[in-house]
Amino acid sequence: MGKNLVELFNLIAIAALMGIPFMKTKGRGILTLAVITVQIAIISTLAFSVFANGLVEYSYTGSWATGEIPVRIDYLSAWFILVISFTFLTGAWYGLQYMKKYADQPDNLALHAAAFILLYTSLIDICVVQNSIVMLVVWEIMALSSFVLVIFEHYKSATLKAGINFLIQSHVCILFLTIAFMWVKVKTGTFDFNGITTFTSSQPKIASLALFLFFFSGFAIKAGFVPFHTWLPLAHPAAPAHISGIMSGVIIKMGIYGILRILMVIKTDMVTIGYFILLVSVITGLYGVMLAIVQHNLKKLLAYHSIENIGIIGIGIGLGTLGLGYHNQLLVFAGFGGALLHVLNHSLFKSLLFFSAGNVYQFGHTMNIESLGGLIRKMPHSGYLFLIGSLAICGLPPFNGFISEFFIYNGLFRGLATGNFVFILAILFTILGLVIIGGLALICFTKAFGIVFLGAPRTEIPEDHDIENKLRVWPMYGIGLFIVVIGIFPLIFNTLLIKVVSRYLPVSDPRVQLQFGETLGKLTIVGWYSLGFITLILIFYFLRHLITRKRMVSQEATWGCAYPCTTPKMQYTASSFIRSYRKLAEPILSIKKEKREANGLYPQHIMQRTHAHDKIEIWLIDKPLLMIRKVLNSFVFLQNGNIQAYILYGFVFVGLAILLPPLVEKIVVIIKFLNQL
Amino acid sequence: MVSLLLILIMSLFFSGIIIRTKSIMSGRKGPGIFQPMLDIFRLWKKGSVVSTTTSFIFQIAPTAYFASVIMAVLMIPHGSNPGFISFEGDFIMFAYILAFGKFLMIISALDTGSSFEGMGASREALFSMLVEPAFFILLGSFALFTGQNSFHDIFSSLHYGSQISYLLGGLASFVLVLIAMIENSRMPLDDPKTHLELTMIHEVMILDNSGFDLGVILYTTNLKFAMYGALISNFFIGMLPFEISIPMFFSIQIVFAVAVGIIESFMARFRMGHNPQFVFILTSVSLLIFFGVLLVLGKFV
C-alpha cells in the first residue's frame, strides 16, 4: 500500500502541474489548494500507518546512472512528513488569501502556484528516498522551487538580490552534499544511504569524521547553523509571508532531517561529533538571538529567531549524540526527543508568527517596527495570535515551546549527574547558553510585540483594512490551538517520539524505555500544571472582576508625569527599548550609528539611526567576495562586448579542449624519453 | 501546603520590617510593620484610572503577574515537607513561570505608550535576563551536589554534616538575596523611593496602574520577597521537625528583611550603566559554587 500511496502522491503533483497552464487565476489558486490538501491527506495516512504498522520499504530498479533506488519510510521520515504536511496545510490556506492582494499579476501567480506544489512534493520525497543521486536531484528541485517562491516580488531589487544569494548558498550546500555522497560511492560502490554505514566501518576514524563534517556543513547551510546562516535573514523578509512561514517552519528543518538521518547511519566516534554539534549549536543559538534583538525589520527579526531555534534543536541533537557516544540511553531519549519535539513546535509558532507578520505587512505596508504601533486595536486576531506565538517561542508555559525546552533541560540536568569533568563542563555551558538564549528571546519578543501591537501608532501609515477575514484567520487559529494543546497535553506525541528515537539505539534497553516513560509521565504533570496555571489566572481575573465591578473606572490619557501635551512621538521606540542591551552587546555585534544632534541657538531637525550588521556575514561573505571581485576585475578586458571576440574565445576553448589530451600525452612521452637517457 | 501558608503570612509584614529597619537606621521611629499591607488594603478598596491608549493586556497583566508568583510559591517546599507542586525539574518551571509574569508586566508597560514606562520595561527585561543564569547555575550546582532534580529532593537530601555544605548554603543565600533584590528592583540596582522617573526600573513600569491593580502589584512584590526568603530558609532547615523549622523559617526571613533594610540604608544606588556588571558578579559567584561542588565531589580534574 505504501508504494501506491507514494506514487499516487507524486502523480497528483505531476497532473496538477500539467493542468496549471490551462486554468484561470482563480481556478489555479483553488486547484493548488485542493491538490495540496489531497496530497497531505494521502501522505499523512501513509505516515500514520507507518507509525501504526511499521516501516514501509521497497525499491525501484533504477537506471545505470542511479543504481537501485530504495524507498524507505521509517519513523524519522514519517515524523518529518507530518510536520511538513501540517505547516503546508495551514500555509496553503493562509497563502491563498494572502496572494489575493496580488491578483493583478496572473502569470507570476501561476508560477508561484506551480512552484508551491513542486516544493511540497520535493520536500516529502526527500524524506522518503534513500538513494543519494535521486536525493540530490530532489534536493535541487527543492532549492529551485523555493527560489522561485522567494522571488515572487522580483520587481523589487532587494528581493531579487536576496533570492540570488539564497540560490547560490543553496548550491554551495548541494556541492558539499555531492562531494560527501561521491566519496561514499567511490569507497563503497553504492548510492544507497546504507553505504555510509559500510564506509564508516571500513574506513579509518579520521575519514569518517571528515565525511561527517562534509555532510554537516552541507546540511548546516540549509538549516542555518552559524556561520552558514547568512542567507536566512535575507531570504525570509523577501518572500511572501506564507513562504517565509513555510521556509522557517519546514525548509530549514530539512537540514535538521539530513543531520538526523546521517547520525542514524554513520557509525563513528559519536563523542567528538556530539561535542562538536553542541558547541556549534550553542553558538548558533546565542548569535541568532543576539542579532535578532537589534533588528528593526519584523520579518528579519523572526528570521534571526529561526537561527536561534535551530540552535536549540541542535543542542538537543548534540546531547543525544553524546548519549550515543557515552552509552547513556536516557540522554539519547531526552536529547533526540527534545530536538524532534522542538522541530514540530518551532514549525508551529514560527509559521504563526510569520503569518501574523504577513497580516501586519499587508495592513501597514511596512515591516519597519519603528513606524508601527497600536495595531492590537486595529487587528485584534493577528495581535493576540502573535502574542501566543511570542510566548511560545520564548519557551514560556503553558505553551508548547516550554515543553520541548523542558525536555532538553531535563536531559541536561540529568546529564550533570553522570559523566566526567569535560562532559559536566560542556553541560554547564550548554545550560548557561540555553538560559541566556531564553532571557534574550524574552527581550526580543517583548520588544517585537510591545512596539508593533501596543501603544499608539508611531507614524501615519496608509492602512489597508479588510485584512482579517475569516478565511485568513482560521488557519492561524488552528496553529494557535495546536500550540496550546501541545502545551497542556505534551504526551500526545509520546509514542511517536519513543518510536523515532529508539531507532537510534542498536539495542533498546526496555528498562531505559521504562525510565524514559517515567520522565515522559512527568511531562504529563507539567501539562496539568500548565492547565492549572491558566485556571489560576482565570480565577484571579474573575475575582478581580467581581471586586472591581462596582468601582469607579475613569478613562484618562496616559500619565506623562504631569506633562499634558503628550504625543505618540514621545513613546519608547524599539531602538530605545533595546538601548541598554545594545550598549552591552556592542563589542560582539557591529552596529553603525548615524546621528545628527541638536546644536546652535535654533536646533534643526535631529535624527539618530542604527544599523546592525552581521559580523560573520561581513567576514565570511562580503570581504571574500570583494577580494574575488578585485582579482576577477583584472580580466574584465575579456568582456569587451564584441561578438567576434566571444566566438574567438569559444574556438580557443574548444581547440584547447581537443588538443590538450594529445598534447599532455606527447609531453609524457618526451619526459619518459628524457628519463631513459 | 505548609510553605504556602508560611509565605503568605510572611508576606504580610515583610516590607514593613524593611521600612521599619530603614527608619530606625535613619534615627526615626517609623510606621508599624503592617503599615505597607494596610496601604495595600486601602488601594484594593479604591477605584481606578485607566489610560485610553491601553488594551486588554493592561487589564490582565497584574492578575497574571500575581498568578505567576502564586504558582511559583506553590512549588517551594518547607524542609522535608514538599510544596503543593513538586516534580522532577520543577525549578525549571519555577523560573519560566516567573518569566511569564514578567513578560506580561513588560508588555503592559509598553501598552500605555508612555516613554517613562517603556524605559522601565526595557531595564526590567535586561536585568531579569541577566539574573536568570545565576539562578540556573545555582540550582544546577545543588542538583549536582545532591544528585536530585527537584526543589524538595534537593533540599531534603542536603546533609548538613560537613562544613562544606554550610559554606555552599551561605554562598547560595548570598546569591539568592541579591537575586531577590534585583527581581524586586531594590537598592543597589534601583531605588524604589526615588522621585525621578528616569532612574527607576520597576516603579516606573507601573506608573499608570492604579487602584486594585496597583495594590495587587505591590502585594506581589512582598510575596516575591517572602518567596525568596523561603528558598533561602530551605538551605538551612533540612529535615528538622516543625517545632524547630517554623521558628527558624521566620527568623531567617526577618534576618533577610533586616539585611535588606540595612543594605538600603547604607548603600547608594549604582549608576544605571554599572548595573549589568554588578549582575554578572552573581553569575560568577554561582559558577564558584558550581566548581566548589565539583571539588567536593572529586570530579574536578
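**From the chain to its contact side**

Guide: In chain A, 80% of the contacts between residues at least 6 apart in sequence join residues at least 24 apart; two residues are in contact if their C-beta atoms, placed from the backbone, lie within 7 Å. This is a predicted model, in which local features need pLDDT of at least 70 and side-chain atom pairs count only at pLDDT 80 or more, while totals for chains, interfaces and linings use all residues. Residues are numbered from 1 along each chain as its sequence is written, and chains are lettered from A and ligands numbered from 1 in the order in which they are written.

Chain A has 23 helices and five strands, which are DSSP runs numbered from the N terminus (helices: H or I, at least four residues; strands: E, at least two).

The contact between the chains takes 68 residues from chain A and 64 residues from chain B. On the side of chain A that touches chain B, the elements that each supply at least two residues include helix H15 (400-417), helix H19 (510-548) and strand E3 (553-556). Helix H16(A) gives the largest share of that side, 16 residues. By type, the residues of this side are 46 nonpolar, 15 polar and seven charged; Ala, Val, Leu, Ile, Met, Phe, Trp, Tyr, Cys and Pro count as nonpolar, Asp, Glu, Lys and Arg as charged, and the others, Gly among them, as polar.

Strand E3(A) also pairs with strand E1 (residues 48-51) of chain B, in the parallel sense and over four bridges; pairing requires that DSSP finds at least two bridges between two strands. Opposite Val553(A) stands Ser48(B) in E1(B).
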